[in-house]
Amino acid sequence: MPELNLKLDELNSRRAKSFFDTYELETIAGDSKTKFYLGNKDEQVCRFCNKNKTEVTFKSDAHVIPQFMGNKNLLSYYECDLCNTLFSKYEDSFANFFGITRTFSQIKGQSNKVPKYKDPKTGLEVFLTDTGIQMTTIGEKDVFKIDEESKSVEIITERPGYIPIHIPKTIIKIGLSLLPDEEMLNYDHARGFIIQKEKDEFYINNTLLRIFGYFIPGPPKFRKPFVQLYKRKDEVSKLCPQRQVILYYSNYCFQMTLPFSENDIQLQGKDIQLPIFPLLIDNSHFEKFGEYQQLNLNLTSNEKKTGEEHKLVFSFESTRYNF
């Protein structure tokens with residue numbers, strides 16, 4: 001376990017010991033000031049469809065972490081234009097899943113602007129101005145609930161339409177982008193899974209596709225997104241997957257197994273022992289902005305979600321919204 005100069009609560013202290021006793025950091029990558037490419041431009045083969053430059057084109061910039069998360073310059077030579085187009089659709093679902101919180105985070109996306117949010121049912125509009133976040137509404141439905149006693153405002157709105165299984169597919173794609181070349185064959189099942197949709201129904205409720213993590217109140221902790229890939233230590237005998245992907249974005253920290261490795265065959269039919277990644281934020285932050293929320297997300301449906309209620313709560317004194 002690495003030395004941590006942080007004051008963690010009891011839960012995250014236990015999680016830190018369990019996780020770092022099991023996994024070690026293999027790769028870390030994030031946005032930078034200048035363009036940085038993974039892979040070799042002279043020997044381009046798409047690691048997702050396995051086609052080379054004689055079969056497909058590699059003209060578009062392929063972002064390892066989605067642009068809407070604020071990644072401008074972490075790019076990849078591993079991704080052909082056809083797969084890039086497919087993954088862009090997945091990323092649209094991921095962006096819509098965050099909904100109105102993308103505006104409140106004030107992180108600039110692909111257009112280099114903070115996205116505007118509009119709920120067509122209530123007329124609620126949220127957008128960034130020179131003086132801060134502005135909200136307007138013209139609908140009859142109650143959008144705001146003000147609690148004078150707790151000094152908080154609750155906003156009730158809806159997420160834009162999204163396809164849940166696109167979200168774990170996006171995280172798997174990020175994880176596969178960070179793998180050493182020699183490891184890709186071990187993840188051929190994962191590679192095939194993310195580029196197809198015909199068999200998605202067979203993956204509904206698959207435990208390896210569950211996403212864990214945290215929502216952190218207060219101003220965005222991770223204004224520049226980054227990702228970590230952890231590998232199970234050689235001496236560990238626990239029944240746990242070989243690799244974990246940890247994705248940081250805005251007020252969120254996500255953990256997901258990099259699934260379907262050939263090296264995890266021994267896990268089939270057995271109870272998986274999955275250490276949960278700790279929230280490595282000092283307790284002083286939560287004393288100031290409120291409690292964090294734990295996430296345990298089953299996003300394995302391949303049916304489009306529409307009209308899903310999305311609630312946000314923030315205080316009068318300091319901006320704070322809950323996932």
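Two strands are taken as paired if DSSP finds at least two bridges between them; helices (H or I, at least four residues) and strands (E, at least two) are DSSP runs, numbered from the N terminus. The model is predicted, and local features need pLDDT of at least 70, side-chain atom pairs count only at pLDDT 80 or more, and totals for chains, interfaces and linings use all residues. Residues are numbered from 1 along each chain as its sequence is written, and side-chain values use heavy atoms, with hydrogens and water left out.

On these terms, β8 and β9 form a hairpin with four residues between them, and K151 in the turn has a positive phi of about 55°. Strand β8 (residues 144-147) runs antiparallel to β9, to which it is joined by four bridges; I146 has V153 in β9 as its bridge partner. Burial is expressed as relative accessible area (buried under 20%, exposed over 50%, partly exposed in between; 1.4 Å probe, protein chains only). Because six of the seven residues of β9 are buried, this strand is largely enclosed by the rest of the structure.

A second hairpin joins β12 to β13 through one residue. Strand β12 (residues 243-250) and β13 run antiparallel and are joined by six bridges, with Q244 standing opposite T257 of β13. Strand β13 also pairs in the antiparallel sense with β10 (residues 211-215), over four bridges, and C253 in β13 is the bridge partner of Y214. Strand β13 (residues 252-257) is mostly covered, six of its six residues being buried. Burial extends to both faces: Y252, F254 and M256 lie on one side, and C253, Q255 and T257 on the other.

Aromatic contacts were examined next. A pair of aromatic rings is described by the distance of the centres and the angle of the planes. Rings of Phe, Tyr and Trp (its six-membered ring) pair if their centres lie within 6.5 Å, and planes under 30 degrees apart count as stacked, over 60 as edge-to-face and the rest as tilted. The structure holds 32 aromatic pairs. In one of them, the ring centres of Y37 and Y77 are 4.4 Å apart with the planes at 10°, so the pair is stacked. Y37 lies in strand β2 (residues 36-38) and Y77 in the loop between β4 (74-76) and α2 (81-98), so the pair ties together parts that are 40 residues apart in sequence. Y37 counts as partly exposed because its relative accessibility is 26%, whereas Y77, at 19%, counts as buried.

The rings of F97 and Y162, with centres 5.3 Å apart and planes at 70°, are edge-to-face. This pair links distant parts of the chain, 65 residues apart: F97 is in helix α2, and Y162 is in the loop between β9 (152-158) and α4 (166-178). F97 is buried at a relative accessible area of 4%, and Y162 is buried at 2%. Both residues belong to a cluster in which ring pairs link F68, F94, F97, F98, Y162, F215, Y249, Y252 and F254.

Charged side chains also face aromatic rings; a charge sits over a ring if NZ of Lys or CZ of Arg is within 6 Å of the ring centre and within 35 degrees of the ring normal. The charged end of R47 sits over the ring of Y78, 3.6 Å from its centre, and K116 lies over the face of F127, 5.4 Å from the ring centre.

R47 is also touched by P180, as is E26, not counting residues up to four places away in sequence (contact means heavy atoms within 4.5 Å). P180 lies in the loop between α4 and α5 (188-194) and is partly exposed, with a relative accessible area of 25%. P180 and G39, 141 residues apart in sequence, are 9.7 Å apart in space, C-alpha to C-alpha.
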